[in-house]
Each structure stands twice: as structure tokens, then as C-alpha cells.
Amino acid sequence: MPLFDMPLAELRDYLPTRDEPADFDDFWKRTLTEAEAFDLAAEFKPHDAALTSVDVYDTAFAGWRGHRINAWFILPRHVPDPVPCVVTYIGYTGGRGFPHTHLEWPAAGYAVLVMDTRGQGGAHPDRPGATADPDGGDFATAFGMMTRGVLDPEGYYYRRVFADAARAVDVAAAHPRVDATRIAVQGESQGGGIAQAVAALRPEVAAALIDVPFLTHFRRAVEITGSDPYAEIVRFLSAQRGLEEQVFRTLSYFDGVNFAARGTVPALYSVALMDTVCPPSTVFAAYNHRPGPKEITVWPWNAHEGGAGAQREAQLRYLRQLWRPHD
């Protein structure tokens with residue numbers, strides 16, 4: 001896949017005008033207040049994953065409207081408590097998968113809380129999910145999640161997901177084996193977009209690791225890429241003619257550029273210059289608007305896989321350096 005977006009020099013200066021509704025902060029304050037009306041009711045059931053150096057818990061907690069959200073909670077077995085924790089969010093269509101696929105963070109001495117994404121993972125053999133989405137919306141949608149409830153921000157799918165994700169941080173912070181002052185949020189693609197939002201909604205987290213983030217700079221994404229999942233929005237608008245203004249108004253409440261503009265915690269981003277799924281200009285739009293401490297790793301010859309294992313190693317080094325004064 002050849003380069004298709006702006007040259008890197010232009011990307012580093014790309015600072016588009018943000019499309020932000022006037023009540024953005026009030027909307028999210030109200031959303032979190034509604035979610036927090038329900039007790040977390042976190043459950044941690046020991047799970048035999050046939051792993052000898054970690055403790056694994058099949059976890060559930062109350063997310064949006066008290067809906068039960070599943071997760072894995074995994075801790076290193078022979079490390080003194082309390083430990084830092086990485087709250088991980090999953091890429092599009094995937095679920096929490098299997099405990100043995102989330103061992104990098106425990107191997108580094110950290111706990112990891114892997115949040116299932118409601119309504120996803122039902123057809124993903126490597127990353128099965130275990131969490132339903134009771135609120136499915138009441139209007140015709142394109143295949144996938146991008147247009148579920150998209151005509152009204154109150155009922156949009158990602159309102160529920162972002163509320164769940166903020167509550168996941170609360171679950172980690174409340175656990176007695178976790179150092180609540182050292183919690184990071186992390187994810188790739190959809191997971192990166194969720195982490196980017198949560199870093200603004202829960203500014204008490206210590207760091208954000210945001211890889212090739214999805215759910216960011218929606219209008220530019222749908223205008224320059226034909227790849228899914230953004231193409232779901234294009235297909236919806238091609239069938240539901242005349243709804244463009246209404247759709248993009250809803251999406252403005254969930255745009256990662258607006259969350260990034262409120263990001264004050266240290267953040268490590270990554271971007272891939274051949275990425276047609278999450279175009280590099282959408283990533284830089286968010287990164288360049290972010291006021292807090294930040295770094296970005298650029299992978300010039302990669303598509304949506306980005307840095308993959310090399311980026312994970314960079315994240316491990318980043319957290320080690322960030323949290324070294326506490327060790």
C-alpha cells in the first residue's frame with residue numbers, strides 16, 4: 001500500500017479546526033454521572049488458565065446503566081503489592097479473548113485489566129467476547145457498530161462503550177493489589193480511540209498508550225479512506241440520504257480530536273504512514289491538539305498493524321521510564 005495521505009512534514013503541522021458541540025463537557029459529565037449512579041459491584045473469580053506465574057481472575061463490573069461488563073484481571077504472582085496496572089481496550093470486532101494472550105504487562109510486573117467491548121467478539125475466533133449490548137438502538141444501521149444509534153448522541157453505541165471504559169479504570173483503582181497512582185490506559189485502533197477518550201474522562205490516570213487510534217477526526221477519515229470501519233458511515237449515508245448533518249453532529253461528541261484536546265496525562269502515540277484504516281492525518285490531528293506531555297512513534301512503512309511488537313516494546317520502556325521514580 002503506497003503512501004496516500006499527507007507527507008510527514010505536513011502531518012506534524014496538521015492542526016485542523018475542531019468540530020466540537022458547545023455542550024461537549026456537559027454531555028460527558030452527565031454521562032459519567034449517570035453511569036456512576038450504579039455501584040461498581042466488581043467481581044473477581046479465580047480462573048484456572050494453566051499459567052503458573054500469574055493470578056488470573058474472571059472479572060465483571062457494572063458499566064453503563066449497570067450492564068455487566070466482563071474483563072480479565074491478571075497479576076504477576078511473585079511481585080510485592082501494590083502493583084501498577086494497565087487497563088487495556090480491544091480493537092474493533094474483538095473481545096477480551098484468552099488470558100494467555102495478555103501476559104506482556106504481568107511479565108513486566110504490572111497488573112492488567114482487559115475490558116471486553118460490549119456487543120463485540122461474537123464472531124472472532126482468536127478474541128471471543130463475553131459481553132452483550134442490551135441497548136442496541138432503534139434505527140436501521142450499517143453492518144457493524146459505527147452507525148448503531150448514530151442519529152442521537154444520547155443513544156449512540158460508543159456512549160455506552162466509553163462509559164464502560166471509564167468505569168473499568170475505577171475497578172482497577174479500587175482493587176487492593178493495585179497502586180491507584182500508577183494506572184495507564186492502553187489500546188490499538190478502536191482500543192486506542194477508547195484509551196484516548198478515557199484519558200480525558202479520567203484525568204487521574206497516570207499515562208495513556210494510544211496506538212493508531214480509531215474514532216478520531218471522523219469527517220476527514222470518511223472522506224479519504226474507503227476502508228472499514230469508517231466505510232460503514234459512508235454506506236449508511238449513501239442509503240440514508242439527507243442525514244449527514246445529524247450523523248456528524250452525533251459523531252462530534254465522540255471524536256478523539258476533542259478528547260485529545262483535553263488530554264493532560266503523559267501520552268505515547270503511534271501512527272503508521274501507510275494506514276488506510278486509521279489514516280495518519282486523523283492520528284496527527286488528535287496528537288497535535290493534545291496539550292499534555294506527549295510522544296509519537298512513526299512507522300513509515302507500515303499499514304494498520306503499525307509497530308505491532310516493536311511498539312509494545314516501546315510502551316514497556318516508556319512506562320518503565322515514567323514510573324521509575326516510584327520503584
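I looked up the neighbours of T117 and found that it touches I90, G94, T131, Y157, V161 and Q190, leaving aside residues up to four places away in sequence, where contact means heavy atoms within 4.5 Å. I placed T117 in the loop between β5 and α4 (157-174), with helices (H or I, at least four residues) and strands (E, at least two) taken as DSSP runs numbered from the N terminus. T117 counts as buried because its relative accessibility is 1%, the limits being under 20% for buried, over 50% for exposed and partly exposed in between, with a 1.4 Å probe and protein chains only.

The model is predicted, so I note that local features need pLDDT of at least 70 and side-chain atom pairs pLDDT 80 or more, while totals for chains, interfaces and linings use all residues. Residues are numbered from 1 along each chain as its sequence is written, and side-chain values use heavy atoms, without hydrogens and water.

I then turned to the pockets (open sets of points on a 1 Å grid over the protein atoms alone, where a 1.4 Å probe fits, with protein on both sides within 12 Å along at least five of seven lines; lining residues have an atom within 4 Å of a point). The largest pocket is lined by 29 residues, of which G91, R127, Q186, E188 and R312 lie nearest its centre. Among the elements giving two or more residues to this lining are β4 (83-89) and β6 (178-188), and the largest share, 3 residues, comes from α11.

For the second largest pocket I found a lining of 15 residues, with Y92, T93, F143, G144 and M145 nearest its centre.
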